[in-house]
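The entries below follow the order in which I looked them up.

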Amino acid sequence: MLEISGNLRNARRGILVALVGLLTCGCLMAASGPKQDGQTTEVKDGQVLMVAASIPHFPLLGTPGCPGQSSCQGFDVLEKQMLELLNLDRLNPANRAETSGHALPLQWDPKLAQIALAHSQGMAMRHYFSHVDPNGDSPVERFYKVGIQWRSMGENIAKNETVERAEAAFMNEPCFQPNHRGNILNPQFNRVGIGVVRGADGLLYVTQDFAEE
């Protein structure tokens, strides 16, 4: 059973935070660029959903979206594996109805990777699971602090045993909804940063940060 709750400040669109036993996921989406002073918060609580994890077996794509060492900062084995899964899902013909064939492979962004890795490390080391860190910063604040300019952005977080299971749980959500799957297949997004950290509990803490830059 998936319990949805939301409480994210300074984001412009709805938030989805999901807790699924060991299959724990959270999703945030925002649109329309720079935050203005006095901007209000809109929080939308979702409905109860079911998530079942399965492990897909896909051929690896090499190193998509990461052409040179200088552009691949923070690009470790697990991050590479998740980027491959993300791009396979975006290019999968079975998902064409949702992408209209316009979801191109995501390009690795070192600044987004920096944000994602720091957030995963924080969740694993400080024992919390949320888009909002203990300092009160949401992904919107974290993006601005490193100078990322965006037209639209999104964040998925997960706590799971493997990156395959985390990605499968994201993609097993309903189609055509503002959820994790919607972030992954969003054709507007062209950049991504991923951070994967193993916590003391043995689980992987995963952050996927998306942007249209």
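Entry 1: I began with Glu 161, which is partly exposed at a relative accessible area of 39%. The side chains of Glu 161 and Arg 165 meet in a salt bridge at 3.6 Å, N to O. The criterion I applied is a side-chain nitrogen of Lys or Arg within 4 Å of a carboxyl oxygen of Asp or Glu.

**Entry 2: conventions.** The model is predicted, and I noted that local features need pLDDT of at least 70, side-chain atom pairs count only at pLDDT 80 or more, and totals for chains, interfaces and linings use all residues. Residues are numbered from 1 along each chain as its sequence is written, and side-chain values use heavy atoms, with hydrogens and water left out.

**Entry 3: the other salt bridges I looked up.** A search of the whole structure returned 7 salt bridges. I examined Glu 98 and Arg 181, whose side chains meet at 2.7 Å, N to O. Glu 98 sits in helix α2 (residues 96–99) and Arg 181 in helix α6, so this pair ties together parts 83 residues apart in sequence. Helices (H or I, at least four residues) and strands (E, at least two) are DSSP runs, numbered from the N terminus. Both Glu 98 and Arg 181 are buried.

I then turned to Glu 213 and Arg 191, which form a salt bridge at 3.8 Å, N to O. Glu 213 lies in the segment after β7 and Arg 191 in strand β6, so that distant parts of the chain, 22 residues apart, are linked. Glu 213 is partly exposed at 39%, and Arg 191 is partly exposed at 27%. Salt bridges with shared partners join Asp 109, Arg 191 and Glu 213 into one network.

**Entry 4: nonpolar cores.** Which residues touch the most other members of the largest nonpolar core? Of its 21 residues, they are Met 82, Leu 86, Leu 106, Ile 184, Val 192, Ile 194 and Phe 210. Two or more residues each come from α1 (77–91), α5, α6, β6 (191–198) and β7 (204–212). Another core, of 8 residues, lies apart from it and includes Leu 112, Val 140, Ile 148 and Ala 211. A core here is a set of buried Ala, Val, Leu, Ile, Met, Phe, Trp, Tyr and Cys residues joined through side-chain atoms within 4.5 Å. I also checked α5 and found 8 of its 9 residues buried.

**Entry 5: aromatic pairs.** I counted 2 aromatic pairs. Ring centres (six-membered ring for Trp) of Phe, Tyr and Trp must lie within 6.5 Å; planes under 30 degrees apart are stacked, over 60 edge-to-face, and the rest tilted. Tyr 144 and Trp 150 are tilted, at 5.9 Å centre to centre and 50° between the planes. Phe 189 and Phe 210 are stacked, at 5.5 Å and 15°. Phe 189 is buried at 2%, and Phe 210 is buried at 0%.

**Entry 6: positive phi.** His 127, not a glycine, has a positive phi of about 60°, and it lies in the loop between α3 (110–126) and α4 (139–145). His 127 is exposed at 63%. Phe 176 also has a positive phi, near 60°, in the loop between α5 (163–171) and α6 (180–185).

Technical notes:
Buried means under 20% relative accessible area, exposed over 50%, partly exposed in between (1.4 Å probe, protein chains only).
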